[in-house]
Amino acid sequence: MTQANYAIIGGTSGIGFALAQKLVARGERVLIGGRNEQKLAQALERLGPQASGRVVDITDRASLRIFFEDIEALSGLFTPAASYATGDFRDGDSATSEGLFQAKFWAQYWAVYEALPHLSDTASVVLMSGAASARPIGAPAYAACNAALEGLARGLAVELRPIRVNCLSPGTTDSELWRNREAAQREAAYDYWNSVTLVQRPGTVDEQADAALFLLENKNMTGSTLYCDGGYTLR
């Protein structure tokens, strides 16, 4: 049996890794999943002996099923993993519409399904959407996908009770994803974000991980979406 209190699919970098660090620091056992074996090994080395990991393809139900095999009853599941592209409606490109739902919505939908036999009765699930659900800036399939995930959290909260299900909806976050992009592209995105938010800066991965941890732990939160977006949806 693999010992784990929490599972994070997408735990090798960004918000998922930051949450894994917080959980490990307080003595929890964490199972993380990622697509890249090398990045997974590097993340596990940084996390230490309280963490274990498995390679997983979030778009493949069989891979998700294998990820959860032989796991003791989990207290929590976080599903921030996603890899996708966005585009304009007029482009008519299925890769940025149907493909987006496959990589972000259905991946999390089936992750929860495959995890269900391994979740304790008092477990907590946190999905991840994005603030474009409430304030789109184009890319309507992206806005719709995020909104669908928030609806999924509400529906699952009702059907799976007493398991709690919530959704984290972050805004632009200063993460590895952005830092690995061209400086001009990153700075333009950050400048725009600064102009449309109340706090006038991107979030940090630690802030997003703290929000995910709150949703995992607060026993009076279920069926809710937490917008950790610096007030973007209010502008």
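**Exercise 1. Sort the lining of the largest cavity by class, then find out which residues make it up.**

Step 1: By class, five lining residues of the largest cavity are nonpolar, two are polar and none is charged. Here Ala, Val, Leu, Ile, Met, Phe, Trp, Tyr, Cys and Pro count as nonpolar, Asp, Glu, Lys and Arg as charged, and the others, Gly among them, as polar.

Step 2: The names in the lining are Ile9, Ile58, Thr79, Ala81, Ala107, Gln108 and Ala111. Helix 4 gives the largest share, three residues.

Step 3: The space inside comes to about 30 Å³, and a search of the whole structure turns up one cavity of 30 Å³ or more. On a 1 Å grid over the protein atoms alone, a cavity is a set of points where a 1.4 Å probe fits but cannot get out, while a pocket is an open set with protein on both sides within 12 Å along at least five of seven lines; lining residues have an atom within 4 Å of a point.

Before you go on, a word on the model. It's a predicted one, where local features need pLDDT of at least 70 and side-chain atom pairs count only at pLDDT 80 or more, while totals for chains, interfaces and linings use all residues. Residues are numbered from 1 along each chain as its sequence is written, and side-chain values use heavy atoms, with hydrogens and water left out.

**Exercise 2. Describe the largest pocket and its lining.**

Step 1: Start with the volume: the largest pocket holds about 1,500 Å³ of space. Its lining has 47 residues, and those closest to the centre are Ala82, Tyr84, Leu177, Trp178 and Arg181.

Step 2: Now the elements. Helix 1 (14-25), strand 2 (30-34), helix 6 (176-179) and helix 7 (183-196) each bring at least two residues to this lining. Helix 7 has the largest share, with four residues. (Helices, H or I with at least four residues, and strands, E with at least two, are DSSP runs numbered from the N terminus.)

Step 3: Split by class, the pocket lining has 21 nonpolar, 20 polar and six charged residues.

**Exercise 3. Compare two other salt bridges.**

Step 1: The whole structure has eight salt bridges. In one of them, Arg26 meets Glu28 with the closest N and O atoms 3.3 Å apart. Arg26 is partly exposed at 38%, whereas Glu28 is buried at 17%.

Step 2: In another, Arg201 meets Glu207 at 2.7 Å, N to O. Both are partly exposed: Arg201 at 36% and Glu207 at 29%.

Technical notes. Points joined across faces, edges and corners; volume = space filled by probe spheres on them. Salt bridge = Lys/Arg side-chain N within 4 Å of Asp/Glu carboxyl O. Buried < 20%, exposed > 50% of the residue type's maximum accessible area, 1.4 Å probe, protein only.
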